[in-house]
Amino acid sequence: MSTLHVIDHPLIVHKLSIMRNKKTGSKDFRELLNEIAMLMGYELTRDLPLEDIVIETPVSKMTAKKISGKKLAIVPILRAGLGMVDGLQTLVPVAKVGHIGLYRDPDTHKPVEYYCKLPLDIEERTVILVDPMLATGGSAVDALTMLKNKGCKDIRFMCLVAAPEGVKAVQEAHPDIDIFTAALDEKLNEHAYIVPGLGDAGDRIFGTI
Ligand code: PRP
Ligand code: URA
């Protein structure tokens, strides 16, 4: 069964509270989202394997450690997932970036696919799928299916705010995928928005409100 990791470090909780406030503008919202993505990325990459490497310090030879050959890919779900890419790439500058374009139909709330461009060797990589909002879970479920259809075997999903409904949907459809979130909120409203949430993440990032 997939595990839900709620990464509620005080720095993350504090930054997320500022993001939730409707008075926070796009510039601060974007900066905070990237900062949180970086802090969460630290936890998400905790199990990356290390291997020995012999180096010389100015004082002596030593057997040190480096991250072993495993390669990473960051895959944002457009648009809002883009807001988490820079933060993660600061941690892992060599990670390749793929893009999955999905939008929620305003009436049915079901995801509609409009774009998919992934690194050619995506199936060999550890993939971090990112989207700030896990609401009904439809977008994450479809994006995970698309990645698996391309051969990806090692995938983790990272969001900022999750609703219980979305967590359940992902866990039912993809029981092998771990979910990392900064907060687990109360519920969805009648428009399938997360309550209390932070509103429409894409609009707040790109100022399209
Ligand atoms: C938002 C969000 C997720 C999706 C979550 O995207 O960024 O992708 O909704 O909802 P779900 O869990 O119910 O699928 P949206 O469709 O608003 O597109 P945007 O990022 O382009 O604004
Ligand atoms: N998408 C968002 O951006 N916010 C929500 O609360 C739900 C879906």
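Visitor: What makes the approach of Gly 199 to a nitrogen atom of ligand 2 a polar contact?
Guide: In this predicted model, a polar backbone atom of Gly 199 is 2.8 Å from a nitrogen atom of ligand 2. A polar contact needs a pair of N or O atoms within 3.5 Å, so this pair counts as one.

Visitor: Which backbone atoms lie 2.8 Å from an oxygen atom of ligand 2?
Guide: A polar backbone atom of Ile 194 does, and so does a backbone N or O atom of Ala 201. The cut-off is 3.5 Å, and therefore both pairs are polar contacts. Taken on its own, ligand 2 has 240 Å² of accessible area, and the protein covers 89% of it.

Visitor: Which residues are said to surround ligand 2, and why?
Guide: They are Arg 104, Met 133, Ala 135, Ala 192, Tyr 193, Ile 194, Gly 199, Asp 200 and Ala 201. Each is listed because one of its heavy atoms lies within 4 Å of the ligand. By class, this shell has six nonpolar residues, one polar and two charged.

Visitor: How do you know where ligand 2 sits?
Guide: Ligand 2 sits in the largest pocket.

Visitor: What surrounds ligand 1?
Guide: There are 15 residues around ligand 1, and the closest are Arg 104, Asp 131, Thr 136, Gly 137 and Ser 139. The shell of ligand 1 divides into six nonpolar, five polar and four charged residues.

Visitor: Which elements each supply at least two residues of the shell around ligand 1?
Guide: They are the strands β6 (99-104) and β9 (133-134) and the helix α4 (138-149).

Visitor: Why does the radius of gyration of the chain agree with a compact globule?
Guide: A compact globule of 209 residues would have a radius of gyration near 17 Å, and the chain has 18 Å, so the two agree. The C-alpha trace spans about 65 × 40 × 30 Å along its principal axes. The secondary structure comes to six helices and 15 strands.

Visitor: Which peptide bonds are called cis, and what are their omega values?
Guide: One runs from Leu 78 to Arg 79, with omega near -5°. Arg 79 is in the loop between β4 (72-78) and α3 (85-91). Another runs from Val 195 to Pro 196, with omega near 0°. Pro 196 is in the loop between β15 (194-195) and α6 (201-206).

Visitor: What is said of the phi values of His 109 and Ala 192?
Guide: His 109 has a positive phi of about 65° although it is not a glycine, and it belongs to the loop between β6 and β7 (111-117). For Ala 192, also a residue other than glycine, phi is near 60°.

Note on methods:
Residues are numbered from 1 along each chain as its sequence is written. Chains are lettered from A and ligands numbered from 1 in the order in which they are written. This is a predicted model: local features need pLDDT of at least 70, side-chain atom pairs count only at pLDDT 80 or more; totals for chains, interfaces and linings use all residues. Side-chain values use heavy atoms; hydrogens and water are left out. Helices (H or I, at least four residues) and strands (E, at least two) are DSSP runs, numbered from the N terminus. Ala, Val, Leu, Ile, Met, Phe, Trp, Tyr, Cys and Pro count as nonpolar, Asp, Glu, Lys and Arg as charged, and the others, Gly among them, as polar. A polar contact is a pair of N or O atoms within 3.5 Å; within protein, one must be able to donate a hydrogen and the other to accept it, and residues adjacent in sequence count only if both atoms are side-chain atoms. Accessible areas come from the Shrake-Rupley method with a 1.4 Å probe; for residues, only the protein chains shown count as cover. On a 1 Å grid over the protein atoms alone, a cavity is a set of points where a 1.4 Å probe fits but cannot get out, and a pocket is an open set with protein on both sides within 12 Å along at least five of seven lines; lining residues have an atom within 4 Å of a point. A molecule sits in a cavity or pocket if more than half of its atoms lie within 2 Å of its grid points. The radius of gyration is taken over C-alpha atoms; the globule rule is 2.2 Å times the number of residues to the power 0.38.
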